[in-house]
Amino acid sequence: MYDWLCFNNDLFTEFHEYLVKGVKKYAPNIPVTAKQMTHLFNQDWGSYRESILHGTDFEDFADFSDIMGNDAWQCLDQNIPATRTHEKTMWYDMQRSYAEKPIYNAEDHVIYDGDTAYVPEHAMRVYTDLWQGAIHGRTASTIWVWEKTYSNSGDWRGNILNRPDCVQRVGKANLDMNRLAKEVTAFQNSKAQVGQLYSNASRSYSLSNMSNQYNAYQNMMYNGQNVEIITEKTIKKIHDYKMLVLPDLTNVYPETLDEIETYVKNGGKVIIMGENSLKKDTQNLDQNLEKVQYILENAVVIPTQNEAYTMITPKPGELLSKFRDALKSANMLNVEVVDAKTNLPVSDIEWQTIDYNGKTLINICNFKFYNDKEISIKINGEKCNNSKDLISLSDFNENIPLKSFSPMMLEIK
């Protein structure tokens with residue numbers, strides 16, 4: 001099956017390359033892009049799983065595109081708030097790891113078509129979606145769909161122009177992103193310390209691969225890490241990272257195994273999710289077991305239990321803790337976010353840290369509805385007692401109130 005998938009991907013890529021050459025022949029200066037749907041991550045079922053048959057190799061499309069185009073969605077699920085919170089940002093991080101090109105979401109779904117739930121959570125989530133998307137590399141967005149309808153049927157029913165609170169949040173996000181454009185760009189250009197390996201072959205053979213990929217990414221973000229998604233085609237990039245995460249990589253090319261072995265021998269830190277990782281090649285044949293064993297013995301191996309498309313264990317809190325321990329052991333947690341009262345690590349909070357014009361900036365967001373928290377920032381073990389949120393222009397001492405789905409960009413003074 002995997003050989004056929006590669007053939008199908010190559011055929012579809014070649015057709016689009018043919019179209020691009022035709023455009024460039026007569027209009028060489030016109031930028032070209034292809035709008036790709038994000039059938040990746042979280043749970044690989046239904047249309048997500050079927051998408052591997054579509055022939056779209058996202059990495060190949062990056063080679064001939066001038067703009068990284070996409071049709072991405074991340075919406076409030078009715079009765080299931082905050083599910084798949086990071087699918088869209090993970091997609092943007094994957095795109096920007098392919099090439100240093102603008103990322104344009106030409107069909108940015110922030111509310112599901114036909115959604116009739118007029119609840120305040122939509123507005124909270126829309127602002128967060130737009131702001132966090134920019135932090136993770138998206139450079140332009142066209143919201144689907146900027147139309148109003150009073151019909152009780154059809155896809156446009158309940159969309160954004162029927163929701164004044166959401167329109168207001170879109171406007172505020174736009175103004176905030178433009179006012180802080182230099183700082184946002186600095187976050188986009190910041191160097192990741194963690195590389196996470198994605199493999200088309202592993203996805204083909206393992207139904208639970210995408211669930212493992214998503215959980216690894218989310219829990220690294222909740223430990224304050226900037227993560228880049230790399231592939232087997234760019235496997236040599238792993239030497240640019242202090243830590244490499246391998247989520248449920250059951251099948252990889254022998255060359256990938258060789259490169260990981262070299263990375264480990266050179267002192268690289270590896271986290272492996274799933275005890276069956278790396279043991280088979282792309283033809284589902286045994287790898288060099290001596291190499292596999294060497295890598296496993298020199299890595300943090302986290303056993304996983306999967307049912308169909310879903311990673312069941314470890315539970316999110318357990319995985320968060322295991323990642324935290326590995327990061328501390330590698331001296332990669334110099335910035336921590338803790339509960340102001342208990343001094344314990346927080347959960348459901350993403351943060352990234354950069355140095356900007358001689359100051360420390362921390363972009364932080366609480367991704368749990370109606371769970372406002374009071375936090376403290378610790379740098380090298382010491383609590384910070386003077387910070388300013390550049391979005392709201394509020395000043396804080398040691399304790400910082402962090403509301404649900406209200407991103408902050410803290411400047412540490």
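Q352 is found in strand β13, residues 349-356; helices (H or I, at least four residues) and strands (E, at least two) are DSSP runs numbered from the N terminus. The model is predicted, so local features need pLDDT of at least 70 and side-chain atom pairs count only at pLDDT 80 or more, whereas totals for chains, interfaces and linings use all residues. Residues are numbered from 1 along each chain as its sequence is written, and side-chain values use heavy atoms, with hydrogens and water left out.

**Residue Q352**
- Q352 has a relative accessible area of 2% and therefore counts as buried (under 20% relative accessible area, with exposed over 50% and partly exposed in between; 1.4 Å probe, protein chains only).
- Leaving aside neighbours within four places in sequence, the contacts of Q352 (heavy atoms within 4.5 Å) include I135, H136, F187 and N363.

**Helix α1**
- Helix α1, residues 2-26, has 25 residues and reaches 37 Å from its first C-alpha to its last.
- This reach is close to the 36 Å expected at 1.5 Å a residue, a span taken as 1.5 Å times one less than the number of residues.
- The buried residues of α1 are Y2, L5, N8, N9, T13, H16 and V20, and they pack against α3 (58-64) and α8 (200-205).

**Helices α9 and α12**
- N215, A216, N219 and M220 in α9 meet P316, L319, L320, F323 and L327 in α12.
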